[in-house]
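The following paragraphs walk through two interfaces, taking the one inside a chain before the one between chains. Please keep the structure in view while reading.

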Amino acid sequence: MRVALFITCVNDTLFPGTGRAVVTLLRRLGCEVDFPRAQTCCGQMHVNTGYPREGTRLARHFADVFAGYDAVVTPSGSCAAMVREQYPRLARTAAAAGRPASSGTARDAGGRAAGRTAPPSFAEEVAALVPKVHDLSEFLVDVLGVTDVGACFPHRVTYHPTCHSLRGLRLGDRPTRLLEQVRGLELVPLPGAEECCGFGGTFAVKNPAVSAAMCADKAHNVMATGAEVLCAADNSCLMHIGGALGRQRAGIRVMHLAEILAATESGETAAAPAGPAARTRTAPATRPLSAPAARTLAAPGGATPAGPAAGTPPEPGPAAHGRTGEER
Amino acid sequence: MSATFLGMPAFPRNAARAVGDSQLRFNLRKATRTIRGRRAAMVGEVPGWEELRAAGRQIKDHTLRHLDRYLLQLEEAVARAGGRVHWAADADEANRIVAGLVEATGETSVVKVKSMATQEIGLNEALAARGITAYETDLAELIVQLGDDLPSHILVPAIHRNRAEIREIFREKMAEWGRPAPEDLTDEPRALAEAARLHLRERFLSTKVAVSGANFMIAETGTLVVLESEGNGRMCLTLPETLISVVGIEKLLPTWQDLEVFLQLLPRSSTGERMNPYTSTWTGASEGQEFHLVLLDNGRTRVLADEVGRQALRCIRCSACLNVCPVYERVGGHAYGSVYPGPIGAILTPQLRGTDSGASAPPGGMPASAAPAPGGRMPASATAVSRGRMPASATAVSRGRMPASATAVSRGRMPASATAELDASLPYASSLCGACYEVCPVAIDIPEVLVHLRAKAPHPRAERLAMRAAGWVLDRPVRLARAQRLSGRLRRFVPRRLPGPAAAWTDTRDIPDIPAESFRDWWDRTDGGTR
Ligand code: SF4
C-alpha cells in the first residue's frame, strides 16, 4: 500500500525523529511511504487562534498536496482532527463566501493535480480527502489491521491520550492496544488520563498561568505512575508536558508513540542514518536519558533496515548519542 | 449582591491571580471533582443517553428555528390562564418593567428564587436603586448576597466558599438582613442549613411579591417550570400574592411532551441526581394571585442570527461544562467576569453583550455590573451602569482602550467597551480540550463556537504580525525549509529562558532542542532514508 506521510510542521521542524520512526515502522509493515515535498502545515494554529483566512489558505494547500493519495498518515492526533473536524467547516465558510478554491502553488509544486481541466472545489477536495486522512494508530489498527507491529521496548511506559485523539478522533484504546503488544514494554495506567495537559496551542502562552497549573497536575500524575517514559500520539502535548517534566528535573522522558512502535530488539528505530541529525548540544541535565534506553534507541553507526549509516553530515558534528534525547 | 464585573481586566490576568489562591483551588478541586463524578455515574446508568442528548438538541434547535411562532403561542396561552406577558428588549427595559410592577403593589421588598436571567440583567441592583430590596432565598445565593460577593458557578454560586467562611458570613451578616444567626453557630452543614432555614422562613411568610426565573416554558399550555433542590422555590412560587417571572426567550419548549426529555437530561447533568427534589410547574395566575411573565431578549435575537454561535441558546444551564472544565476548575467563576462563567460563559457572554465582533454593543447588552470582580466591590456607578446610564466620565478609561465605544457613549448607553477587553479574551479562556462538548446535555459544540468567536475577536497587533509572518513562511515549502535551516544553524544560541512573550513558555517549561536537520532535509539528503 502506498501512503503519503503528513509529517506536520511541528514534527518536521522540531521532531524529525518521529517522522523517521513513522517511515521505519510503515516500511516494516510493508507500506510504500511517500513524502510529498510540497506539504507545509494543516493550518490548525491559525484557525484555532482566530485567523481563519490564513488557516484556510493552508488547508487548501494541504488538500491540493494530498489529493492524489489513497491514504494520508500523520503522527499527530490533533492535526488529523483538524482535517476531519475543521476542514469541512472551513470549506462551508469558503463556499458561502463564494471564493474560488485554488492555492496554485501546491498544484504546481506537487504536480499531482496537473492535467485536470476543471479543478474540483475546495469542498469537493475536502469531502474526498477527509476519509483518507488517518492518525498513525488509526491507520495501523483500522486500515492495516495490525496491533502487533513487531516492536520491542523494554521499559515502563505510561500513555497520555491527548484531547484531540481522545475526544476529537475518538481513538479509544487503539494506541494502548498497540503498546500492549510491544515486547518488554510494561504499560502502566495514567491517573486522570483523560484530562487536558494544558497545552492547547497558543493557549499555552495566552493563558500561561492556567496552562502551567494544568500541566503541574498532569506531570504529578505522570510521576505517580513510576513510569520511565511518557508516551503520546502528539508531540505538541509532549513538548509541553516534557518541557515541564524537564524543568522539574523529573527524570522522565517523553516519546511519541511512533518512536516506541518503531523500536526493535536490534535497536534501530528510524530509517535514518544518524549523521547530521545527531545532537551536538550535550544532553541537558534536565532530560536524563537512562542508559539502557539510550542504547536501545540509539543506532550510532548501526544498520538500519533501509541502508547503512552512510549519510555525509552537511555540517561537522559528533556522532549520535541517543536519538530520543536529541530532539527534545 | 453589589459587586461588579465592570472594568475587569482580561481573563489571563484574572486567571493568574485565581490560580495562586490556594483556598480557592482547594475548594474548587474538591467541589468540581465531586459533582463531576456524580454526573458521570448518573449519566452512565441511562441506556441511550446519546439518543436523549440528540433529542434535547433537536427539540431546542427546532424551537429556536420557530421561536417567533412559539413565543406568540406562549403569550396567548399565558394570557388565557390569567397571566400578563411583558416583552423586554434589553436589561434596562426588563428592570424597568419589574420595578414598576413591584411599585404598583406598594411593596418595598421581594423574595427571589435563584435565577440566572435576573442576575444577567442586574435586577437586584436596579431594584435597590428604586428602593426595593430583593432577598435571595436559595442557600448559596443567600451566602453570596450576605457576603457582598459575586456568584462563581451557575448551580453552586458559592462554590468558592467553604464551611468556615460561610459560618463567618452568617454570623456577621445575617442580622443586617433579618433574623440573626444563632450565637452558637458551628460550621456543620446541618447547623448552617438550619440557620438559613430559620432566617428565610420569616422572609417567606412576610413578603408579598416574588421574583423568579424559569428553567422551561411550555408554549402549548403557557406553563412555566422551575427545578430546584431546597424547596425555597416552591415557597416563593406559591406564598406571595404577586409573582413576577423573568425568563429568556430561548427557554421555550413547544409541548409538555418535550419536557420529558429535559427532566431526564437536566438533573443528571446538573446536580448528578436521577430527579431533582422539587419540580414546580404553574400555568398563569392561581386564585387571588397575580402573575407576570417578562420575556427577555437582551441580545438573544442577535445571537440567534449567528449561524455558528446560536447553538449557545440551546443551553439549559446545567453547569456540567463548568464542572468538567480544567480551566474553570483552576480559576473559578469570577475570572470570567460574568454571571455565566466557565465554557458556556466564554461563548455566551461576548455574544450576549454584543462584544463578540470587537465592536460596541447595540443598545441594551448585558450589563457588566451584573456580577463582581474577584474580591472587588461595586463602585457607586455600577448601578447606573446596569441601568444603562453610565456617566461619560466613567468610560474615559475604557475609551482609551477601545475607540469603538465612542458611538456607544454618544448614544448614552453603557459602552460595551467597559468589558471589551475581558470579553475579547473569553474565547481564548480554553485549551479546546473538548470536555465541555462531551458532557453538554444539548450537545453544544463549545470548542467550535470558541474558535468561531476567536476569528471575530480583535487581535493584538504583535500577534497579528507574528501570525501573518508564520502564514507567509508556511505558504511555501521552500520558505519553510529555509526557516528550518536557519533555526538549525542558530540552535546553539537559543537560551534556556526566552525573553519577551516567549517567556510565557519558558517560565515554566524547557524548550525542546532544535534539531540540526529538519525532517524534509533528512528526506532529501537520504532519499527517504534509502541512501
Ligand atoms: S453549555 Fe451545555 S453543559 Fe454547559 S451549562 Fe449549558 S447545557 Fe449545561
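Across the interface of domain 1 and domain 2 of chain A, 12 residue pairs are in polar contact, both residues being at pLDDT 80 or more. A polar contact is a pair of N or O atoms within 3.5 Å; within protein, one must be able to donate a hydrogen and the other to accept it, and residues adjacent in sequence count only if both atoms are side-chain atoms. On the domain 1 side, the elements that give two or more residues are helices H1 (9-14), H2 (16-28), H3 (44-49), H5 (77-97) and H8 (136-144) of chain A. Helices (H or I, at least four residues) are DSSP runs, numbered from the N terminus. H2(A) has the largest share of this side, with 10 residues. By class, the domain 1 side has 13 nonpolar, 10 polar and seven charged residues. Here Ala, Val, Leu, Ile, Met, Phe, Trp, Tyr, Cys and Pro count as nonpolar, Asp, Glu, Lys and Arg as charged, and the others, Gly among them, as polar.

The model is predicted: local features need pLDDT of at least 70, and side-chain atom pairs count only at pLDDT 80 or more, while totals for chains, interfaces and linings use all residues. Residues are numbered from 1 along each chain as its sequence is written, chains are lettered from A in the order in which they are written, and side-chain values use heavy atoms, with hydrogens and water left out.

The two domains of chain A span 2-138 (domain 1) and 147-294 (domain 2), with bounds from an automatic or database domain assignment. Their contact takes 30 residues from domain 1 and 31 residues from domain 2, where contact means heavy atoms within 4.5 Å. The area buried between them is about 2200 Å², of which carbon and sulfur atoms give 64%. Buried area is the accessible area (1.4 Å probe) that two parts lose on being put together, summed over both. Arg20(A), Arg28(A) and Ser137(A) supply 23% of the area that domain 1 buries against domain 2, more than any other three residues. Zero salt bridges are counted between the two domains; a salt bridge is a side-chain nitrogen of Lys or Arg within 4 Å of a carboxyl oxygen of Asp or Glu.

Between the chains, 85 residues of chain A are in contact with 70 residues of chain B. Chain A and chain B bury about 6700 Å² between them, 55% of it on carbon and sulfur atoms. This interface has 11 salt bridges. In one salt bridge, the side chain of Arg89(A) meets that of Glu448(B) at 3.4 Å, N to O.
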